[in-house]
Amino acid sequence: MHKWIRWAALIAVGCSARLEVGDRGGGDPGGIGGVGGGAPGVDENAVAGGNAVGGDAGAASVEELAGAAGESNAKGGTAGAAGNVTAIVVPVGPPGSWGATCIPGGLVTEADGTPASAQIRILAWCEDEGSSCDQGKCYSAPECAEGPSGAAGALQTAQTAPNRTCEMWRANVDESFGATGSTVDTSGDTAGTAGAHNLPDASRKTGVVALTASGSHVYWLEYGTRDALGNYQHDGTLLSYSIANRTVAPLVAGLEGPVGLELTASHAYVYIDGAPRLGTPIRPKLLRVPLAGGSAELVQDGTRHRGFTAVGARAIWSTEDQLYSQLPDAVASPLLFASTSALVLANDAKTLFAWNNDSLAYTPLENPVFTAWASDLMSKEFALHDDGVYMLETIDGGGLLSRAPSIGGASVRVRPLGAGTPSQLKVVGDRYFLEVTTASSQQRVLTATFGNDDPPVRLMQRRARHSLIDQLWVGTADALFWSNGRDLFKQPLPAL
């Protein structure tokens, strides 16, 4: 419904900002095209023709010159004679602004003259995060579930327009604290020592606070709301979006302040802060929810969000000083995996890799015994693919992708990534995604494949918030999904 409200606003703004209507030409108006319908006059911004859906055509004009007599539109209706219609043309903003031309795409060279120098493929884009480049102009992103819209000028779905951003959801945001999705307080999410006196206080989180995806669904958490006195309203929610059906459904409601989200093949693991009154210490817990539907069940009390990885339906996660695992069985309890901790966990179905305190170690998943991973390159920004460990480097203001054997050894730089500081390396099949933050605090998300040397594609760029919102993006085999804390967007992937 909010999308139709947007288009109603578009129609109203278009009429009031661009046209002053005098006597209409003959014929009945038809929607947008009915105000000054007919052949256009001198300026291309004058509205011409009847509405494509129906209605008879009128006449169009610009400030000094009236247009020619109208012609009947595609759906029928009688042509009208030229009328006394005066149009006032309001200058359109710079490229990339709402209603203006898109910022053109193409190949650009970044970090020239450095080891990070690379060609980057940029899609045509718009400055406003809620805009989509449609037929060369920046308009509000259409809903991912809606079809072509005559009022929107033949906007189509992302399925039929593979490079167009669409909006798939608008979250419930707590306006009582002035939050609009542009900032989210993450002070309650940082890892630390357990204990009531060391736990951070409950904060003004609101809107979308976590986002992840499987091969078939996108999942996200909405934190919930507080009243004017800071009392939590017990309305945290886990939701899912079906990639195939383009439908949204809540998986579980009534969560007490959800702040972290991870997936296995069978369950969503949800970290909550306990949602106490604003300003009082949090009460963290780890829950899990069956992806097939069902109630949330307690996994661990006092657990805060640190490292997590899934081996199919088996979950492995870290606390401050231990690693635990849990099988998908309904009655399965957490089991101690190893007496160590980790900030980052990853696995290749046979071996578990754990990063903690500037070191990387690995162990077989069965009969765990950790071995220090010996290489000349160490970074917590690592991901696994085939028999290699891929890591991100920053040099001379640009990024590089490097690879070392999974058993350790010398690393080799395999790809330059252009300007900015790279982070958040994520692998999906033969494709990888990463985030880049530029010196001017612009956040970008790139994707490329391990299978060829085609230029990386810049899928999204926006102002970096330096907050939780910067982490709200996830790539799949077919699309990039991201959120600004309020809205969730989808950008289909171009062919690589």
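**Close-ups of a predicted model: disulfides and a cavity**

**View A. C166 and its partner C144.** C144 belongs to the loop between β6 and β7 (166–170), while C166 is in strand β7 itself, so the bond ties together parts that are 22 residues apart in sequence. Turn to the S-S bond and you get 95°, a right-handed link. C144 counts as buried too, at 2% relative accessibility.

**View B. The C102 and C133 bridge.** Here the sulfur atoms of C102 and C133 are 2.1 Å apart, and the two residues form a disulfide. This pair links distant parts of the chain, 31 residues apart: C102 comes from the loop between β2 (86–87) and β3 (106–110), and C133 from strand β5 (residues 131–134). The torsion about the S-S bond is about 110°, so this disulfide is right-handed. As for C102, a relative accessible area of 9% puts it under the 20% cut-off, so C102 is buried.

**View C. The left-handed link, C126 to C138.** C126 and C138 are joined by a disulfide, S to S 2.1 Å. C126 is in the loop between β4 (118–122) and β5, and C138 is in strand β6 (residues 137–140), so parts 12 residues apart in sequence get tied together. About the S-S bond the value is -95°, which goes with a left-handed link. Both C126 and C138 are buried.

**View D. The disulfides along the chain.** Count the bonded cysteines along the chain and the pattern reads 1-3, 2-4, 5-6.

**View E. Inside the largest cavity.** The structure holds 2 cavities of 30 Å³ or more, and the largest cavity has about 260 Å³ of space. Its lining takes in 20 residues, with W125, C126, T165, L459 and Q491 nearest the centre. Two elements, β5 and β31 (457–463), each give two or more residues to the lining, and β31 supplies the largest share, 4 residues. Sorted by class, the lining of the largest cavity comes to 9 nonpolar, 6 polar and 5 charged residues.

Methods. Residues numbered from 1 in each chain as written. Predicted model: local features only at pLDDT ≥ 70, side-chain atom pairs only at ≥ 80, totals over all residues. Heavy atoms only, no water. Disulfide = S-S within 2.5 Å. Buried < 20%, exposed > 50% of the residue type's maximum accessible area, 1.4 Å probe, protein only. 1 Å grid on protein atoms, 1.4 Å probe; cavity = no way out; pocket = protein on both sides within 12 Å on 5 of 7 lines; lining within 4 Å. Points joined across faces, edges and corners; volume = space filled by probe spheres on them. Nonpolar A, V, L, I, M, F, W, Y, C, P; charged D, E, K, R; others polar.
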